[in-house]
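Please keep the sequence and the structure in view while reading.

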Amino acid sequence: MTLHDRLRDVENKLEQACIRSGRQRSDIQIIAVTKYVSVQTAQAVIQEGVTHIGENRWPDSKPKWETLNGQAVFHYIGSLQTNKVKDVIGKFDYVHSLDRLSLAEAIHNRAQLLDIQVDCLLQVNVSGEQSKHGLAPDEVKPFLIALHKYDRIRPIGLMTMAPFESEPEETRPVFRALRKLRDELNESAILKEPLTELSMGMSNDFEVAVEEGATWVRLGTVLVGKEEIEEGL
Ligand SMILES: *Cc1c(COP(=O)(O)O)cnc(C)c1O
């Protein structure tokens, strides 16, 4: 299948999920996760009209950012080490993986130096899997309160990764819980601005995530495929 065909397929599935759940297609943004592919393929994705790019490691994404910045919105979706903050902040438009105060402090300090605000999503480990990063659901509210002092960080939403399930339907409770958490936080009095984004749903489970309220789906394999990459670092 070509990229064009895969995109058409994904669009059909998104459309159907929107119809099933009474949502508008325009409320959902596809983030093409290009971590498995070359700069050329990432460029082709943009030419197909998907202008949001997701990457999870700075060294791998560097050549893509250097070639394609200005043509796409860049999302940093992987776990971010504090010592990579200086590379990523000021380049990527969104960070989806804020999950600890030491990272918040590093992002804030870097942002202050650059005199910018940084839009961040809090990564939440809804499923409680040991292998997954993220705040426990009940840590999110105190974390948001603690973030008040880092005024260069703008919390705009929540992100989660569901466990891989051979039956995608089984991921539904994870996505539903993230949405419920977001709605509860928005009703509490702790936020200056509401959390609007829910970054949830990957190749295996994005249709369920959309039915449960995802505003950003992060699609790698199903959309851009996988390649042997020989270039880059
Ligand atoms: C790799 C990755 C994705 C995309 O994975 P696919 O299953 O290939 O769609 C999405 N989100 C994160 C955080 C990732 O690391």
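## Cysteines

Cys120 is buried, with a relative accessible area of 0%, and Cys18 also counts as buried, at 2% relative accessibility; buried here means under 20% relative accessible area, with a 1.4 Å probe and protein chains only. With a disulfide taken as a pair of cysteine sulfur atoms within 2.5 Å, the count of disulfides comes to zero.

## Basis of the model

This is a predicted model, in which local features need pLDDT of at least 70 and side-chain atom pairs count only at pLDDT 80 or more, while totals for chains, interfaces and linings use all residues. Residues are numbered from 1 along each chain as its sequence is written, and side-chain values use heavy atoms, with hydrogens and water left out.

## Ligand shell

The ligand is surrounded by 13 residues, the closest being Lys35, Ser203, Arg218, Gly220 and Thr221; a residue is near the ligand if one of its heavy atoms lies within 4 Å of it. By residue class, the shell holds seven nonpolar, four polar and two charged residues, where Gly is counted among the polar ones and Lys and Arg among the charged.

## Polar contacts and cover

For polar contacts (pairs of N or O atoms within 3.5 Å), an oxygen atom of the ligand is 2.5 Å from a side-chain N or O atom of Thr221, and an oxygen atom of the ligand is 2.6 Å from a side-chain N or O atom of Lys35. A nitrogen atom of the ligand is 2.8 Å from a side-chain N or O atom of Arg218. Of the 390 Å² of accessible area that the ligand has on its own, the protein covers 91%, by the Shrake-Rupley method with a 1.4 Å probe.

How values were computed: Polar contact = N/O pair within 3.5 Å; in protein donor to acceptor, adjacent residues only side chain to side chain. Buried < 20%, exposed > 50% of the residue type's maximum accessible area, 1.4 Å probe, protein only.
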